[in-house]
Amino acid sequence: MQQVKASTAAAASRPATQWLRKNRDRLIAIGLISPSVIAIAVFVYGFIGFTAFSSLTRWDSLTPDFTLVGLRNYTRLFTIDRFLSDLRNTVTFTALFLAACLAIGLGLAILLDQGVKGEAIFRTIFLFPMAISYIVTGVVWRWLLNPGTIQTGSSGINLLFERLGLGFLKSPWFTDPTIIHIPPDSWPGAWLVQNGFGVLASPRVGISVAMISVVLAATWQMSGYTMALYLAGLRGVPDELREAARVDGATELQVYRYVVLPILRPITLSAVIILGHISLKIFDLVVSMTGPGPAFATDVPAFFMFDTTFRGNNFAQGAAIATMLLFTVALLIVPYLVYTTRTEAEL
Amino acid sequence: MTAPALSRRAPAHRSPRPIRVVIYILLASAALFYLLPVYLLIITGMKSFQEVSLARMWDLPSGMHFDSYAKAWNGKASEGISGLAPNFLNSMYLTIPATLLSALLGSVNGYVLSKWKFRGSDILFPVLLFGMFIPYQSILIPLVQVLQRMGLYGSLPGLIFVHVVYGIPITTLIFRNYYAAIPTELLEAGKIDGAGILGLYRHILLPISMPGFVVVMIWQFTSVWNDFLFGVIVTSRPAVQPITVALNNMAGSYIVEWNVQMAGSILAALPTLLVYILLGRYFMRGLLAGSLKG
């Protein structure tokens with residue numbers, strides 16, 4: 001068919017045909033990938049643009065209203081009690097979740113790297129929660145950490161503690177409305193209040209105790225993943241390196257401190273970014289486990305966005321929360337993406 | 001993506017005996033922590049209705065009763081409890097096509113981005129990848145509008161479509177890394193024989209793509225099955241909702257006893273758990289690929 005085309009075509013178009021034939025595979029390649037590229041362009045970047053635009057409008061009911069109102073939806077957020085609680089909770093959650101996952105993950109990986117028997121079984125046990133939905137995790141941990149009532153007595157973990165004679169460990173878990181913060185009547189608190197930093201000595205800035213329950217469930221789910229990342233890293237440390245350090249008289253602890261851990265640093269960076277962006281986005285687990293909690297003690301921005309938009313129909317306000325959420329995630333992810341794809345290109 | 005780097009190797013150094021005992025104690029207590037919810041799930045699911053009380057939560061069941069499973073699966077119309085069976089099937093009808101389509105798209109994209117690089121493809125790749133990290137809240141508002149216009153809102157095909165689109169970044173990533181490890185000489189030989197881009201894909205690459213497909217399909221199966229956000233946004237009618245959404249509704253309802261909720265949780269977790277137990281090695285590869293470095 002190409003021959004027919006070439007012979008019937010005018011002499012002037014012949015170079016074009018040749019070019020086409022030479023680059024046919026290239027054109028097909030671009031044709032093959034373009035549906036995906038268009039889909040991502042529209043459904044990711046176009047939609048983000050639309051959301052960002054919506055956040056600047058007055059669209060606060062089911063009927064779209066695209067009257068521009070500037071940054072009003074953003075400034076208003078910082079006067080809403082629920083949003084301010086969300087910010088505090090996100091910081092609490094991210095810090096505790098990251099610390100727990102990294103510590104447990106690294107710890108378990110090092111233990112497994114000691115040539116233990118049954119390593120595959122341990123690995124399977126530590127990792128299986130990754131295969132489960134956050135909804136299942138949430139439902140199960142809600143019952144595990146259900147503190148019980150006066151009528152029913154203790155239940156879940158509290159009951160287990162009681163049976164094991166560890167009653168002092170009992171806790172109201174996610175029903176605890178306590179926010180640990182600097183008391184304003186203590187001397188540092190009083191100093192902060194006097195100098196106009198009163199907010200630092202208020203429940204606005206503190207640790208929501210109920211959030212620790214969510215951290216516990218999330219750690220149960222994700223620490224195995226961190227373990228796997230570290231274990232893969234440990235398996236990449238050449239034995240000669242450790243051996244050389246031992247020959248130089250290093251103790252086993254020193255081998256880890258000065259040889260192994262520095263090699264694992266890029267893995268820690270990956271883990272911090274992956275887990276960090278997960279914790280900023282956390283939604284399913286909170287929905288199924290606790291909901292917003294007492295006085296929004298376990299509420300998170302992703303849930304607030306969902307409520308505001310799809311239950312409250314305040315689309316512009318929801319879009320503003322979503323845009324802020326995206327911006328925070330992008331701050332973490334974009335440098336990481338640039339860094340990893342660039343180092344890859346250099347290889 | 002190279003072979004899973006978790007395989008055991010001979011320890012170069014053996015710790016003294018007391019330290020080894022400590023290592024096993026620590027590992028065993030960690031295992032207890034991970035298995036505690038499983039124990040509770042299993043014993044609760046097997047108790048008869050008479051045995052279920054919060055005070056006897058940790059006690060072993062008197063025998064094998066499957067009342068809770070039956071109720072979670074079939075529901076009980078007289079008490080106004082709807083079972084999870086239709087939603088379990090919905091999840092199947094959703095997950096299987098979404099997984100297959102995603103894998104195909106990812107394979108083609110990965111092939112182009114690893115073996116047919118064009119100007120700008122190295123910039124295009126991270127731009128695509130960004131899509132797998134975004135909080136989906138930032139696209140939900142227009143997504144609902146567009147799905148409504150397309151007539152896909154509230155239906156399983158709509159949900160399949162959404163999962164395929166937002167699955168493009170991760171499936172492309174895994175396949176690109178997989179194909180990048182395949183020597184280009186293999187394709188060059190085919191090129192000399194006169195094969196074009198499609199022929200090379202079909203006759204040379206596809207036959208050796210099986211491990212890549214397994215990794216991607218496990219990943220997509222797990223994430224589509226476990227998804228909640230898209231399910232709850234795109235499907236508002238209970239009849240088309242996937243199991244995660246139905247389970248969350250069940251758990252939020254005060255008329256459903258907690259043992260039934262536990263049995264429902266097991267039902268919702270079972271397919272992905274089975275995949276994990278049977279194909280754990282490939283599951284791991286997907287996980288590690290998710291951190292980009294693979």
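**Exercise 1. Which domains does the domain assignment of chain A give?**

Solution. Before starting, note that this is a predicted model, where local features need pLDDT of at least 70, side-chain atom pairs count only at pLDDT 80 or more, and totals for chains, interfaces and linings use all residues. Residues are numbered from 1 along each chain as its sequence is written, while chains are lettered from A and ligands numbered from 1 in the order in which they are written.

- Step 1: For chain A, the assignment gives domain 1 (15-54) and domain 2 (82-315); such bounds come from an automatic or database domain assignment.
- Step 2: Between the C-alpha centres of these two domains of chain A lie 41 Å.

**Exercise 2. Describe the build of chain B.**

Solution. 

- Step 1: Count 12 helices and two strands in chain B. Helices (H or I, at least four residues) and strands (E, at least two) are DSSP runs, numbered from the N terminus.
- Step 2: Follow the sequence, and the pattern reads α-α-β-β-α-α-α-α-α-α-α-α-α-α.
- Step 3: Along the principal axes, the C-alpha atoms of chain B fill a box of roughly 75 × 70 × 35 Å.

**Exercise 3. Is Ala55(B) buried or exposed?**

Solution. 

- Step 1: Locate Ala55(B) in the loop between α1 (17-46) and α2 (67-74) of chain B.
- Step 2: Ala55(B) counts as exposed because it has 12 C-beta neighbours inside 10 Å. A residue is buried if 20 or more other C-beta atoms lie within 10 Å of its own, exposed if 12 or fewer, and partly exposed in between, with C-beta atoms placed from the backbone.
- Step 3: Leaving out residues up to four places away in sequence, Ala55(B) touches Thr152(A) and Gly153(A).

**Exercise 4. How many residues does the contact take from chain A and from chain B?**

Solution. 

- Step 1: Chain A gives 90 residues and chain B gives 79 residues.
- Step 2: Helix α3 (residues 24-54) of chain A supplies the largest share of the chain A side, 19 residues.

Terms used
Two residues are in contact if their C-beta atoms, placed from the backbone, lie within 7 Å.
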